[in-house]
Amino acid sequence: VRRAYVVGYRPASGQGFRRHTIGAHGPLTLQEARRRAKRLLADVLEGTDPAETRRQARARRSVREVGEAYLREVGVRRKATTATEYGRLWALHVVPALGALAVGAATTADVRRLHRALHATPYQANRVLAMLGAFFSFAEDEGLRERHSNPAHAVKPYPEVPRERFLSAAEVARLGEVLTRAERHGLPAAGNKRRPPPAKKPQNRPKSADTPRRANPFAIAALRLLLLTGCREGEILSLRWAAVDV
């Protein structure tokens with residue numbers, strides 16, 4: 001059981017009764033806790049609010065610093081793919097634009113400025129906006145911002161047009177031919193499409209570099225099921241025999 005020393009007081013503003021944690025029992029002795037409590041109550045009589053002073057000090061922590069704690073929380077509570085994507089968006093967009101700001105000083109204008117900067121990619125801009133909304137809610141829960149002060153909530157997301165495209169009959173036939181060829185004879189090894197590897201000397205080039213490789217039959221079967229059923233990728237990859245009506 002964790003025990004701590006707490007002092008209660010009513011601030012000069014008269015805004016309710018507040019409790020301020022002085023410290024944990026053990027590292028802090030009873031005598032020292034009483035001395036600190038007397039100093040805090042003396043400050044209250046002079047108009048200082050210890051709880052508000054602590055909150056303001058914590059609110060001066062930067063968005064970058066608090067973001068590290070937030071991403072750890074995301075890693076615990078969200079799917080691994082979501083945590084990875086949040087980390088990517090955070091490092092790529094949030095840290096350069098807002099990282100140096102105090103978390104308690106960030107405004108709707110700051111968030112809107114970042115959102116507008118990403119207008120060329122509205123889908124990504126909206127994902128960043130949603131992430132910032134969750135981040136500032138986290139900051140509120142941690143006492144780093146006032147309640148109901150989330151600066152992302154006043155920013156309107158961009159309209160998103162659903163992206164849907166169906167293969168034509170000719171494309172379906174061409175895909176079927178490629179799947180059959182990959183299954184029976186194999187396909188050449190795929191190169192790096194984004195950055196071609198440097199040219200190698202003929203004597204260093206492996207003999208199997210241009211040899212067609214037969215595709216994984218399970219991958220071919222999964223692609224055919226996707227094509228014929230219209231299911232999602234995850235539905236096919238996790239499909240069990242109990243769900244199949246032959």
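So, is Phe135 buried or exposed? Phe135 counts as buried, since its relative accessibility is 0%; buried here is under 20% relative accessible area, exposed is over 50%, and partly exposed is in between, with a 1.4 Å probe and protein chains only.

Quick housekeeping: this is a predicted model, where local features need pLDDT of at least 70, side-chain atom pairs count only at pLDDT 80 or more, and totals for chains, interfaces and linings use all residues. Numbering runs from 1 along each chain as its sequence is written, and side-chain values use heavy atoms, with hydrogens and water left out.

Okay, rings. The whole structure gives five aromatic pairs. Rings of Phe, Tyr and Trp (its six-membered ring) pair if their centres lie within 6.5 Å; planes under 30 degrees apart are stacked, over 60 edge-to-face, the rest tilted.

Tyr70 and Trp90 make a tilted pair, 6.3 Å centre to centre with 45° between the planes. Tyr70 is in helix α3 (residues 63–77) and Trp90 in helix α4 (residues 80–98), so this pair ties together parts 20 residues apart in sequence. Helices, by the way, are DSSP runs of H or I, at least four residues, numbered from the N terminus.

Tyr70 also pairs with Phe135, edge-to-face this time: 5.6 Å centre to centre, 75° between the planes. Phe135 sits in helix α6 (residues 122–141), so that contact with Tyr70 in α3 ties together parts 65 residues apart in sequence. Tyr70 is buried too, at 5% relative accessibility.

And zooming out, Tyr70, Trp90, Phe135, Phe136 and Phe138 form one aromatic cluster.

Notes: Helices (H or I, at least four residues) and strands (E, at least two) are DSSP runs, numbered from the N terminus.
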